[in-house]
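Here is a short tour for a reader new to this structure. Take a look at the model first, then follow the notes below.

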Amino acid sequence: MTTTRTATIVTERDIAHLPEAAQRYLRFTGVLDRPRDTGFELRAHGWFRRKPTDHWTACRVHQHNTTTPHIARDYHLHLNLAHVLPVHATDTYHHGHGRLHATALGTFTLAHATGPEIDAAELVTYLAEALLLAPSTLLDLPVTWTAVDDRTFDTTLTDRHLRVTARTTTDHRGAPRLVTTDDRWADRPDGPTRTPWSTTTDGWVLVDDRMRPRRAHATWHLPDGPFTYAQLDLTDADITHHPAD
């Protein structure tokens with residue numbers, strides 16, 4: 001079932017055609033009777049590691065996702081590698097193309113990646129973040145909602161030449177517990193490899209009249225076992241939503 005826009009304020013009529021699990025999710029996240037969002041800005045603290053054997057390193061994130069005038073994602077990660085070396089990593093998605101870039105001391109390139117795999121990875125990450133942090137943005141995007149079972153649904157987002165899918169698993173209230181996708185590529189020794197990826201949530205909390213995850217964990221599901229590489233504390237994060245006019 002594909003989303004179509006009817007009015008700025010979200011009503012029951014706008015979601016009535018969606019799978020039951022998706023309707024329950026949208027009610028739980030509080031999109032009804034409020035203006036649709038066009039995006040959000042996030043400032044949060046968390047923890048990051050590059051390898052399963054690494055210790056966790058504190059990090060801070062500044063991010064801006066939007067639907068207008070086009071789908072775009074700008075993600076900035078700051079941390080001190082080995083607690084001493086300043087690292088700045090960016091993940092961006094604009095006009096159908098993604099880019100990953102990381103530098104140390106603002107000068108030395110640690111990582112750089114572009115190409116079809118990065119394009120898809122950035123777009124599906126955008127979709128996963130919308131599912132958890134800005135659900136009503138999905139109502140104005142070219143998204144197809146598909147029922148899986150009474151607590152699970154798929155969302156497929158199309159942008160330009162790309163088409164990506166994420167699966168959301170909810171609890172009995174409609175609260176998302178897990179978002180998964182096969183449309184990301186892990187950096188493996190033999191090159192980028194399509195690898196299952198997920199984001200899990202540690203409960204939900206009401207902040208400023210909006211539901212948000214308490215904490216989110218990003219995990220690669222590698223052949224030798226799951227590897228959680230990032231955690232964000234969202235309870236105390238600064239999240240600003242941008243309602244449609």
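Helix α3 covers residues 116-133 and has 18 residues. From its first C-alpha to its last, α3 reaches 26 Å, close to the 26 Å expected at 1.5 Å a residue. Keep in mind that this is a predicted model. How many of the 18 residues of α3 are buried? The count is 16, so α3 is largely enclosed by the rest of the structure.

Helix α2 spans residues 20-28. Its buried residues are Ala21, Ala22, Gln23, Tyr25, Leu26 and Phe28. Gly30 follows α2, and its phi is positive, near 85°.

**The second largest pocket**

The second largest pocket holds about 210 Å³ of space. Elements that give two or more residues to its lining are α3, β15 (210-213) and β17 (225-243). Which of the elements supplies the largest share of this lining? That is β15, with three residues.

The lining has 16 residues. Nearest the centre of the pocket lie Asp37, Leu133, Arg210, Met211 and His241. By kind, the lining residues divide into seven nonpolar, four polar and five charged.

**Aromatic rings**

Six aromatic pairs are counted in the model. One of them joins Phe227 and Tyr229: the ring centres lie 6.2 Å apart and the planes meet at 45°, so the pair is tilted. The cut-offs explain the label, because planes under 30 degrees apart would count as stacked and those over 60 as edge-to-face. Are Phe227 and Tyr229 buried or exposed? Both Phe227 and Tyr229 are buried.

These two residues also belong to a wider group. Phe48, Trp220, Phe227 and Tyr229 form one aromatic cluster. Trp220 sits in strand β16, residues 215-222. Trp220 has a relative accessible area of 10%, so it counts as buried, since the limit for buried is under 20%.

The charged end of Arg184 sits over the ring of Trp197, 4.5 Å from the ring centre.

**Loops and backbone angles**

Most residues other than glycine have a negative phi, and most peptide bonds are trans. Some places in this model depart from that pattern. Leu105 is not a glycine, yet its phi is positive, about 55°. Leu105 is found in the loop between β5 (97-104) and β6 (108-114). Its relative accessibility of 51% makes Leu105 exposed, because exposed means over 50%.

Asp208 is not a glycine either, and it has a positive phi of about 50°. Its place is in the loop between β14 (204-207) and β15. Asp208 is exposed, with a relative accessible area of 68%.

Which residues are joined by a cis peptide bond? They are Thr68 and Pro69, with omega about -5°. Pro69 is found in the loop between β2 (57-66) and β3 (72-81).

Asp190 lies in a loop as well, between β11 (185-188) and β12 (191-194). At 69% relative accessibility, Asp190 counts as exposed. Asp190 and Gly115 are 75 residues apart in sequence, and their C-alpha atoms are 17 Å apart in space.

**Two strand residues**

His78 lies in strand β3. With a relative accessible area of 24%, His78 is partly exposed. Arg43 has its place in strand β1, residues 37-48. Arg43 is partly exposed too, with a relative accessible area of 44%.

**C-alpha separations**

| Pair | Along the chain | C-alpha to C-alpha |
|---|---|---|
| Arg43 and Arg60 | 17 residues | 7.4 Å |
| His78 and Thr90 | 12 residues | 9.0 Å |
| Asp190 and Gly115 | 75 residues | 17 Å |

Definitions and conventions: Residues are numbered from 1 along each chain as its sequence is written. This is a predicted model: local features need pLDDT of at least 70, side-chain atom pairs count only at pLDDT 80 or more; totals for chains, interfaces and linings use all residues. Side-chain values use heavy atoms; hydrogens and water are left out. Helices (H or I, at least four residues) and strands (E, at least two) are DSSP runs, numbered from the N terminus. The expected span of a helix is 1.5 Å times one less than its number of residues. Buried means under 20% relative accessible area, exposed over 50%, partly exposed in between (1.4 Å probe, protein chains only). Rings of Phe, Tyr and Trp (its six-membered ring) pair if their centres lie within 6.5 Å; planes under 30 degrees apart count as stacked, over 60 as edge-to-face and the rest as tilted. A charge sits over a ring if NZ of Lys or CZ of Arg is within 6 Å of the ring centre and within 35 degrees of the ring normal. On a 1 Å grid over the protein atoms alone, a cavity is a set of points where a 1.4 Å probe fits but cannot get out, and a pocket is an open set with protein on both sides within 12 Å along at least five of seven lines; lining residues have an atom within 4 Å of a point. Grid points are joined across faces, edges and corners, and a volume is the space filled by probe spheres set on the points. Ala, Val, Leu, Ile, Met, Phe, Trp, Tyr, Cys and Pro count as nonpolar, Asp, Glu, Lys and Arg as charged, and the others, Gly among them, as polar.
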